[in-house]
Amino acid sequence: MTFDFFLSCGLCKFGPPNLHNMEKNKIDVVLGLQWGDEGKGKVVDVLTPSYKVVARFQGGPNAGHSLKWGDDSFVLHTVPSGIFRENTISIIGNGVVVDPVILQEEISQIETKAGDITERLVIARRAHLILPTHRMLDAASEAAKGKSKIGSTLKGIGPAYMDKTGRNGLRFGDVLSPSFRDKYEALKKKHLDMLALYPGFEFDIAEYEQKWLAAVESLKRFKFVESEILVNNCLENGLPILAEGAQGSMLDIDFGTYPFVTSSNTMTAGACTGLGVAPSKIGKVFGIFKAYCTRVGSGPFPTELFDATGEQLRQVGREFGATTGRPRRCGWLDMVALRYAVMMNGVTDLIMMKSDVMNDFDTIKVATSYKVGDRVYDHLPYGLEEEVEPVYTEFPGWKSDICSVRRYEDFPEAFKNYVKFIEEQTGCPVRIISVGPDRSEVVVR
């Protein structure tokens, strides 16, 4: 299926909605429930055969969605993870912020394996651009914070969202305007004036700016669309859509572990604003979590392990950032945070990743509440700045290799007890279990 198919069906045109179809057609959402790195790329790739459209709804190149395709591995930063499915249209939605250089490099890598994707990828006109000076502002701000730094990926995400909310940003729709270069230079000057407020911070954007402007020109071969019209007309015409989130729920700008969060709404509500769909259009919500927890960068992490167990999780799970390469902090599953994320997202189906990483543990722990001073919390408190002591429930490990399991009935009892406990605690069924990195290494219940 190509984009011309959508055009021939009138899916990109304005028109009165078909009220007879509107109630039954929904957009499904897949997102992370922890601090990111849950394995969203693989899950989206596994789910996409059931969908005709996959759309990213927020975040930017700070995302790193890893997936395997044949003998090759890919890390997708901006392009939706369904791009390798030939009969699927991929949309970069209006809620995404895009660095043209990174996007163009990513597209080039994809096309070495998948061929020309011009007809399979479209970009929202309302999606905001990350300028070279946004990257410099990100680096200058992070350096100025010293020990209190957030752990930014230094991709310019935060400053780009600041310009968006400050009504100063440039969007893909501006690229086609005759006055685009003037708008670019005006915003660049504003950024240079701001950078002058950071004494001692040295930078040179000339080389990156040249690549950036060339990438903008190259991306004009893709169709820039009113994605909100496209998405709603696809729904109206019965085409199944999967909305793909980036980062994780605990990094949400409003409900995450603020201020150590990202700059966008990473929860289900973000799919509504990031794609232009009504809340009543949300269908299934697939919530992805690891069988344990990881986090990259600074910020609270109540179940973090600083011992040999934490290092074992890191090495066996290959827990190094797909975008940054930084070692991930590792710890036991945090049920307090997971219950919170399930509630806030309206999760209908849980997906558990990296279960096989825990094959060799004698004992496995799960935090079911927090102790802060004399108080015990079974919900996520306002702030986690104080010393938090996790209250754990312990389980015997399954002590066997589950990588070859393809039916739930064939899992060891200890593993099934672990899954059952998670379902009881969250009130949500675990529908998919990943037992390895390949798209085939899953158990669907």
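Contact, as used throughout this passage, means heavy atoms within 4.5 Å. The structure is a predicted model, in which local features need pLDDT of at least 70 and side-chain atom pairs count only at pLDDT 80 or more, while totals for chains, interfaces and linings use all residues. Residues are numbered from 1 along each chain as its sequence is written, and side-chain values use heavy atoms, with hydrogens and water left out.

Along the principal axes, the C-alpha atoms fill a box of roughly 65 × 60 × 40 Å. Of the contacts with a separation of 6 or more, 77% join residues 24 or more positions apart.

Turning to burial, 56% of the 445 residues are buried; the term means under 20% relative accessible area, with exposed over 50% and partly exposed in between (1.4 Å probe, protein chains only).

In soluble globular proteins, nonpolar side chains tend to be buried together. The largest core here has 76 residues, among which Met352, Met358, Tyr418, Ile422 and Ile433 touch the most other members. Helix H13 gives the most to this core, with seven residues. Not counting residues up to four places away in sequence, Met352 touches Phe289, Ala291, Phe415, Tyr418, Val419, Ile422, Val430, Ile432, Ile433 and Ser434. A second, separate core holds 35 residues, including Val79, Phe180, Ala215 and Val216.

Helix H11 (residues 268–275) is mostly covered, with six of its eight residues buried. These are Thr268, Gly270, Ala271, Cys272, Gly274 and Leu275. Their cover includes strands S1 (27–32), S2 (53–56), S10 (241–244) and S11 (282–290), together with helices H10 (227–236) and H13 (335–345). Just after H11, Gly276 takes a positive phi of about 80 degrees.

His191 sits in helix H8 (residues 180–195) and counts as buried, at 0% relative accessibility. Beyond its neighbours up to four places away in sequence, His191 touches Leu131, Thr133, His134, Leu137 and Asp163.

Gly283 lies in strand S11 and is partly exposed, at 26% relative accessibility. Leaving aside neighbours within four places in sequence, Gly283 is in contact with Lys26, Ile27, Asp28 and Thr348. Asp307 is 24 residues from Gly283 along the chain, and their C-alpha atoms are separated by 42 Å.

Lys399 belongs to the loop between strand S18 (389–396) and helix H14 (413–426), and is partly exposed, with a relative accessible area of 46%. Residues up to four places away in sequence aside, Lys399 touches Asn359, Asp360, Phe361 and Asp362. Lys399 and Val443 are 44 residues apart in sequence and 19 Å apart in space, C-alpha to C-alpha.

How values were computed
Helices (H or I, at least four residues) and strands (E, at least two) are DSSP runs, numbered from the N terminus. A nonpolar core is a set of buried Ala, Val, Leu, Ile, Met, Phe, Trp, Tyr and Cys residues joined through side-chain atoms within 4.5 Å.
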